[in-house]
Amino acid sequence: MTEEIKKEKLVIIGGGPAGLTAAIYGTRAGLDPIILMGPEPGGQITTSPEVENYPGFPDGVNGFDLMQKMIQQVENLGGRMVYELVEEVDFSRKPYRIKSSGGLYEADAVIISTGASPRKLGLENEKRLLGKGVSYCATCDGAFFKGQEVAVVGGGDTALEEANYLTNFCSKVYIIHRRDEFRATRILQERVMNNPKIEIIWDSELEDILGEDRVEALLLRNNKTEERKELPVSAVFIAIGHIPNTGLFKEYLELDAGGYIVTDKKHSTNIEGIYAAGDVQDPLYRQVITSAGAGAAAAIEASRYIDNYQG
Ligand SMILES: Cc1cc2nc3c(=O)[nH]c(=O)nc-3n(C[C@H](O)[C@H](O)[C@H](O)COP(=O)(O)OP(=O)(O)OC[C@H]3O[C@@H](n4cnc5c(N)ncnc54)[C@H](O)[C@@H]3O)c2cc1C
């Protein structure tokens, strides 16, 4: 028996802020898109207990509740969300093919918004204390720790930028780095070295995160002397990189050195009619608002493309 092919104008892969905003715009533009929600409907932000930087919520909003509202908005507009995982794509032919856990689709245009996942240390307590002092984003959570001592783990550009940013409101910021030199750019290194609120702890690895209901201290191990010590802090920002969810597309789409999909200003990829939006193509900002904005732009461009589509 041959598998039924579902023919669509626009398929949106991913149901986080970028995909759901693309769905709002695509549905209102009359494209009747189908949204393949994947393993985490609502996206990464659903795990965050408090989002204070998304406009329109003066008292902050729980990440799960925010995404439920976006899902509701897509539903109210008649958007078709299906809880399927994309397993394979074929972008070598038109219409483009997408194979999911629920079936086979053909689409004139595709918006990819599969996000990125922060690289984790893999500690048990990292998971348990996420949102309770463990964070992967200083821009998102730094302001919760005004006047307190915190730590950043990492030695690249992001880690040093986050440490500098945190000194705007934290009383002290430790940078924990497993080597005896940074790989961040020289200018950022100079900035952290000259910042009196920053103390660098070299050659050290985070062995554990301690605390009952909140982060209270870190257990560090010096990898040269094997000496262990406890460092009391209220929060730890883990900045050891992000992994964009682009494995499915790497055969067809141009990726940068970090594995992010390369797009132009119009969110087009190297294949016409295939767009990318949100964390999957953005190594710089990685915010709900920027992802939503990218989703809107990609859907507007996809709509223009479909209006002129010749097949
Ligand atoms: C703990 C935490 C706290 C944060 N706090 C803030 C904050 O306070 N403010 C802020 O602005 N940002 C915050 N962020 C960052 C924010 O969550 C991201 O920037 C944003 O969610 C990115 O949106 P996105 O739609 O691009 O991707 P994501 O949210 O990552 O969504 C990706 C979507 O793709 C789907 N998907 C993945 N693979 C497949 C597949 N194979 N098939 C189909 N679907 C797939 C997933 O199911 C998911 O729905 C935080 C992030 C974390 C982890």
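## Ligand surroundings and aromatic pairs

A nitrogen atom of the ligand lies 2.9 Å from an N or O atom in the side chain of Asn-53, which is a polar contact in the sense of a pair of N or O atoms within 3.5 Å. This is a predicted model, in which local features need pLDDT of at least 70 and side-chain atom pairs count only at pLDDT 80 or more, whereas totals for chains, interfaces and linings use all residues. Residues are numbered from 1 along each chain as its sequence is written, and side-chain values use heavy atoms, with hydrogens and water left out.

Helix H1 (17-28) and helix H7 (288-307) are the elements that give two or more residues to the shell around the ligand, where helices are DSSP runs of H or I with at least four residues.

The ligand is surrounded by 32 residues, the closest being Met-37, Glu-40, Gln-44, Asn-53 and Val-288; a residue is included if one of its heavy atoms lies within 4 Å of the ligand. By class, the shell divides into 14 nonpolar, 15 polar and 3 charged residues, with Asp, Glu, Lys and Arg counted as charged and Gly among the polar ones.

Across the whole structure, a search finds 8 aromatic pairs, defined by ring centres within 6.5 Å, with planes under 30 degrees apart counted as stacked, over 60 as edge-to-face and the rest as tilted.

Tyr-54 is buried, with a relative accessible area of 18%, while Phe-57, at 23%, counts as partly exposed, because buried means under 20%, exposed over 50% and partly exposed in between (1.4 Å probe, protein chains only). In the other pair, Phe-91 is buried at 4% relative accessibility, and Tyr-96 is buried at 3%. Phe-91 and Tyr-96 also belong to one aromatic cluster with Phe-249 and Tyr-252.

Terms used:
Polar contact = N/O pair within 3.5 Å; in protein donor to acceptor, adjacent residues only side chain to side chain. Phe/Tyr/Trp six-rings, centres within 6.5 Å; stacked < 30°, edge-to-face > 60°.
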